[in-house]
Amino acid sequence: MKRVSDGLVDRSRDLNFSFDGKQFAGHPGDTLASALLANGQTLVGRSFKYHRPRGIFSAGVEEPNALVEIGRGARLDPNVRATVQELYDGLSAGSQNWRGSLRHDLMAVNDLAAPLLAAGFYYKTFMWPKAFWEKLYEPLIRHSAGLGKLSMQPDPDAYDTGYLFADLLIIGTGPAGLAAALAAGRSGARVIVCEEDFLMGGRLNSEQQHVDGVASSTWAANTVAELKAMSNVRVMTRTSVFGAYDHGVFGALERITDHVGHQDQSARQIMWRIRARRSILAAGATERHIAYPDNDRPGIMLAGAVRTYLNRYGVAPGEQIAVYTNNDDGWRTAIDLAAANVEVTAVIDTRDTPPPVDTSGLGNAVLVRGANIVKTTGRHALTSVTLDTGVTVPSDCLAVSGGWNPNVHLSCHQRGRPAWREDIASFVPAGDLPVGMGIAGAANGELSLGAALRSGHDATAQALAALSHGADIGQPPQAVDEACEITPCWHVAHEAKGLRKAWSRSWVDLQNDVTSKDVTLSVQEGFTAVEHVKRYTTLGMATDQGKTSNVLGLAILAEATGQSIPDTGTTIFRPPWTPVPIAAFAGASRGEAFRPVRHTPSHAWAESQGATFTESGLWLRAQWFAKPGESTWRETVDREVEQTRSGVGVCDVTTLGKIDVQGNDAAAFLDRVYANTFSTLAVGKVRYGLMLREDGFAMDDGTAARFSDTHYVVTTTTANAVGVFRHMEFCRQCLWPGMDVHLVSTTEAWAQFAIAGPHSRELVSRLVDELDVSNEAFPFMACAETTICNGVPARLFRISFSGELAYELAVPARYGDALMAHMNDTGKDLGAVPYGLEALNVMRIEKGHATGNELNGQTTAGDIGLGRMVSQKKDCIGNVLSHRDGLAAADRPRLVGFRPVDKSVQLRAGVHFVSHGKDVITENDEGWMTSVAYSPSLGHFIGLGYLQNGADRMGDLVRACDPLRGEEYEVEICSPHFLDPEGDRLRA
Amino acid sequence: MQIPHPLLGLRDASEFVYLGDASLLQRPEVPEGADMGDSVLLDAFHEYLHLRDNPAGEHRELWFHEQGDRSWLVVTRNTTTHEITDCVLARDLVSR
């Protein structure tokens, strides 16, 4: 195993890297896999279930075996395919899934128990005793099976997302993709070309072929240079287009730093959403292997991969290489190896046909026709293969070709179901392709170089025609059409004898350790549909999604069921084509940036006062303002309530939704949207409003203030601000578009403060410029547009959520922070204090006001005691259906208050009410507690809740039961208005 | 998905909020002075609000351009292919 040539690798520079702690060197242009092979490291991992020694199997994204860990600490990435990991200086890689050491894996004992571990074994074997499954069997199985391990630390790298737009997206840059891109680029259309590899050219770099008279890799390099010079073409390498979505949207993952290791300055990966009017899928084909006994030893490799290592990386993956093929393409591996002076020990063709190539250069190679491999030897590396003719050929590498599968995946992401093509013994794209997609090259079953180049060129011509983009795109590049005949050979039907029989296994899916026996067992057990076989055997699952095994597996399935392969069909192809980190989907939306944060206008001032904040939707609201010496939040909140109720408190209530409603039909519009009537509201007055959903349940509540005949300002709850606005726009545009009314959400435009407490009038009078705020001139439920603080425009409302004499004062948002500071400053002698969301909540519970806890989507106007608000004289949203039997029933739960019989008891929201003498079971449930608070005004806990016939049960006792916490206590049913039920305070 | 907004052109579906069947545009008429609990009215509203066709194929449905111009749109979308064949302002449809 050695470098036999430069290939496309820069051997003038060394790159040092480590594998399992051992130091190696490779070169720029190497993958980890090619560098490991160049250093003679054949054994690179252990298999999923049986812990069999495994080596590098492919040279691309399809790799099932060579999964390694890259990096260290929090930057440790498991399950990286060594075949696509670009080598860089200092790269640290490690093998996976062993205990002890890679060479001497203690878990390899599993392999000895193989006859017991067939597909589905754990469903049958670990049935008894039942309790052992969760505690013993499953942890044990999970420990012994599996791939790499996560670092279990937060991902320290940065990721990003973005959008790209194109007339034409070309996916893949093999012969078809480059021919398509060249034609498209020359046309002047806006083109994006994506290549998963770091080197563009695909198989052009893996073969000794010629295009337009030059070496294929040279033609690729020249074409890429030409494309990069075109201003209308965006060339993206290291970019996997992993999904085709609706309407020509594609997902693509660009790896920015994975080939150089961590860089502080850059996002590691970028998730692109590409919108393309047309697309060309030129994703090539993936070679498959053949199921024959012991076909998983390190050194057994796909024939095309052997050519890639030889021609692109200059590495011979063995010193004595045998070739095993059922098609013409496999022979080219032998020819290329011989041309590079690597010994070819045998070419075994399963077909009994003359060699498709000139074999004179193959030296002493044994050429066998119509034969199969029935045995291989070599524990950590292949040593020989034995044929059914009895001949044994010494080999340290076996190049296998079972044919090529077009990479149809992206063509199937929108319901496309591939069709079987007998001549290439594989599936090609068919059915409903993603809108605007054309298929070119090997992805469409055009397996020869000349045909691939022509089909790429033609696909661009068709795409441009569909785009009505007329341009001369010239002639397609020319190349020969090499032989690529195939006669399928899926698996070797070899009956091993005696003891060996149980251990004789032919692998189908190397990554999941699925053998041909597992597939036939699945059929025996009744799982005959292809999707069932996948789930029963795990064939085609995990990181490679069966790229080298699926078609082989379903061919074996077809044989076992007696169906044809097209009748058996494929499993459904879903995104992603190759694994995509969740972190890339998240992009920058992590941690604090996970979603936007909304600050209230007085946020900065609240911060300066040491406020504690809480999330309320996207908003951060001040929860309380602790003072030095206060040791618990309750102490702070109790003080805020007491000081507000005895002096004056101010609270930022900007988060409440505000909607400006204007127009000649504004009043009529609100009459239809709200359950109660607003057309009768006098200018300069505010009214409480209740909004129903069309199904008759309560939707939201708030107030509407009338500033003129044609101008209202309505408020919504914080949580429903967006939904109510959307609903009102629906009513305006979809139900009554003839009405002259317009809506603007002004939630962020106005900073609004509640000013509550007996001294609130005095404080407000110090703020307003000219407005008379006496009780006579500005009574309860008055409103006015005015100015404060020498000319600042303001809106003043005399409304109260706290039950105190109270106002709400709104100013343009930019004045909010200053006004908050000013009110606390100028009201110091009045005892002015800021209060937070918690105190606001305590005071509203003391007054029995409903909020989100009570308006939970299951409550009617009647439930919250506002049944009479629903006008019987007019149509409004929800009016009719609020009369449904179930919603109008007399025994519905009603909102009432609760106080503990034992005043020291702490009430809890969520407890359920059960009458005395009844069992605590669901059938006896009579209601539940929605909100609780400690009332500093009353000196004990109080609660709100729903109770059947609650309004008629005042003064009764009921049990509050909390089976979750094992608590139960007695509460007395009372009015929800705990404080000042007559409302004298707020009218003072 | 992308929605061809009649005023703003092709916009990404993530800018929109989906509501449902465009039959919601046909809210039953409530006659002046009607008894709100009338069983004929109740049936009409029940049908309007709850009984929907669930076609495999062309479906007219309401989308709200919440992250855009706040217009309600009626989009004709094939539920089996997501192909969008028509998109109009809901208010134009109702006013007609």
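The model is predicted: local features need pLDDT of at least 70, side-chain atom pairs count only at pLDDT 80 or more, and totals for chains, interfaces and linings use all residues. Residues are numbered from 1 along each chain as its sequence is written, chains are lettered from A in the order in which they are written, and side-chain values use heavy atoms, with hydrogens and water left out.

**Domains of chain A**

Start by colouring chain A by domain: domain 1 (2-112), domain 2 (159-285 + 406-466), domain 3 (598-655 + 749-844), domain 4 (657-745) and domain 5 (890-988). These bounds come from an automatic or database domain assignment.

**Domain 3 against domain 5**

Select domain 3 and domain 5 of chain A, whose C-alpha centres lie 30 Å apart. Their contact (heavy atoms within 4.5 Å) takes 15 residues from domain 3 and 13 residues from domain 5. The two domains bury about 1,200 Å² between them, 53% of it on carbon and sulfur atoms; buried area is the accessible area (1.4 Å probe) that two parts lose on being put together, summed over both.

Next, show A:Glu804 and A:Arg985, whose side chains meet in a salt bridge at 2.5 Å, N to O. A salt bridge here is a side-chain nitrogen of Lys or Arg within 4 Å of a carboxyl oxygen of Asp or Glu. The count between domain 3 and domain 5 of chain A is one salt bridge. On the domain 3 side, helix H17 (633-646) and helix H22 (837-847) of chain A each supply at least two residues; helices (H or I, at least four residues) and strands (E, at least two) are DSSP runs, numbered from the N terminus. H17(A) gives the most to that side, with five residues.

A:Arg645 lies in helix H17 and A:Glu804 in the loop between strand S44 (792-797) and strand S45 (806-812) of chain A, so the pair ties together parts that are 159 residues apart in sequence. Both A:Arg645 and A:Glu804 are buried, that is, under 20% relative accessible area (1.4 Å probe, protein chains only).

**Chain A against chain B**

Now select both chains. The contact takes 34 residues from chain A and 36 residues from chain B, and the chains bury about 3,000 Å² between them, 56% of it on carbon and sulfur atoms. Pick out A:His247, A:Gln733 and A:Val880, which supply 22% of the area that chain A buries against chain B, more than any other three residues.

The count between the two chains is five salt bridges. One to display is A:Arg275 with B:Asp12, at 3.6 Å, N to O. Another is A:Glu694 with B:Arg27, the closest N and O atoms being 2.5 Å apart. A:Glu694 counts as buried at 11% relative accessibility, and B:Arg27 counts as buried at 12%.

**Elsewhere in chain A**

Last, centre on A:Asp329 and A:Arg307, a salt bridge with its closest N and O atoms 2.9 Å apart. A:Asp329 lies in helix H8 (residues 328-339) and A:Arg307 in helix H7 (residues 303-311) of chain A, so the pair ties together parts that are 22 residues apart in sequence. A:Asp329 and A:Arg307 are both buried. Over all chains, the whole structure has 58 salt bridges.

Notes:
Buried < 20%, exposed > 50% of the residue type's maximum accessible area, 1.4 Å probe, protein only.
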